[in-house]
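Take a look at the structure below.

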Amino acid sequence: GTGFLGRAIVREALARNLGVVATRRHGTWTEPEAGWEVLDVLDHDEVARVIERHRPRAVVNAAYVLSGPDLVAVTGRAPAAMSRAARRTGSRFLHLSTDLVFDGTSTRAYVESDQPRPILEYGQVKFDSERAVMTTDPEALVVRTSLLHGGVEPGPQEDMVRRAANGADISFFVDEIRSPVRVGEVAAGLLDLTLTRRAVGLWHLAGDQPLNRLAFARRLALS
């Protein structure tokens, strides 16, 4: 509940008058109307206890790390453990994934039938987590999204552009194509898919205009 997308999901759920229990490993951001649990997703037994205690309609996994020693454990293995725990309580499970499961060379927005071809370790680990979740729970929902921007507060993409404008040495690649999308639209779409449409399987929820990182940064700088 403390990440950029997690915060947007909490706000969107509260705006729909849904009860929310958000989890955090660390960090101080809280939304007063939401309940909060301190939770380390590496502790699979505690994950199961928290889900059993609350028995929610749906469990949304927005936890990840991009690199480092916890990459595989948090981003790769933890989602399947969450999915198993959610299934035991009859809770819907939604796992967030990324368009980085592809190689970023497409000139159009990626669709669900495109064959993943990750070239980054993070993309490979995310792809592995998708398969693990869908094997654990065939009724789970796996949603790939892309570069997130907009929102109540500036997000990581806006922050990179701001720092670059202030002289920081940041590279914006022209050989990586993504499909940027506003974080609030993704949060709303996720709740629609999970609670209203009760979708299952693999879905893409991203922008419809492919952009390289440099073109996207220039748009953010002008907005």
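In what order do the 4 strands of the open sheet stand? The order is 3-4-5-9, and the pairing is parallel. This is a predicted model, in which local features need pLDDT of at least 70, side-chain atom pairs count only at pLDDT 80 or more, and totals for chains, interfaces and linings use all residues. Residues are numbered from 1 along each chain as its sequence is written, and side-chain values use heavy atoms, with hydrogens and water left out.

Strands (E, at least two residues) and helices (H or I, at least four) are DSSP runs, numbered from the N terminus. Two strands pair if DSSP finds at least two bridges between them. Strand 3 (58-61) and strand 9 (201-204) are the edges. Each has a single partner strand, so one side of each lacks a neighbour in the sheet. Neighbouring strands here are turned by 20° against each other on average, direction ignored.

Strand 5 (residues 141-145) pairs with strand 9 in the parallel sense over 4 bridges. Arg144 stands opposite His204 in strand 9. Helix 4 (residues 121-136) lies across strand 4 (92-98), strand 5 and strand 9. Helix 4 runs at about 160° to strand 4. Axes are lines fitted to C-alpha atoms, for helices over the stretch in contact, and angles run from 0 to 180 degrees between N-to-C directions.

Next, find helix 5 (156-165) and helix 7 (residues 213-222). Their axes come within 10 Å and cross at roughly 80°. The two helices are therefore roughly perpendicular (65 to 115 degrees). Contact means heavy atoms within 4.5 Å. Gln157, Glu158, Met160 and Val161 in helix 5 meet Arg213, Phe216, Ala217, Leu220 and Ala221 in helix 7. By class, this contact has 6 nonpolar, 1 polar and 2 charged residues.

Lining residues have an atom within 4 Å of a point. Gln157, Met160, Val161, Phe172, Arg213, Phe216, Ala217 and Leu220 line the largest cavity. Helix 7 gives the most to this lining, with 4 residues. The lining divides into 6 nonpolar, 1 polar and 1 charged.

A pocket, by contrast, is an open set with protein on both sides within 12 Å along at least five of seven lines. The second largest pocket has a volume of about 190 Å³. Helix 7 again gives the most to the lining, here with 3 residues. Among the lining residues are His149, Glu158, Arg182, Asp208 and Phe216. The whole lining divides into 4 nonpolar, 4 polar and 4 charged residues.

Conventions:
On a 1 Å grid over the protein atoms alone, a cavity is a set of points where a 1.4 Å probe fits but cannot get out, and a pocket is an open set with protein on both sides within 12 Å along at least five of seven lines; lining residues have an atom within 4 Å of a point. Grid points are joined across faces, edges and corners, and a volume is the space filled by probe spheres set on the points. Ala, Val, Leu, Ile, Met, Phe, Trp, Tyr, Cys and Pro count as nonpolar, Asp, Glu, Lys and Arg as charged, and the others, Gly among them, as polar. Angles under 35 degrees count as roughly parallel, over 145 as roughly antiparallel, 65 to 115 as roughly perpendicular and the rest as oblique.
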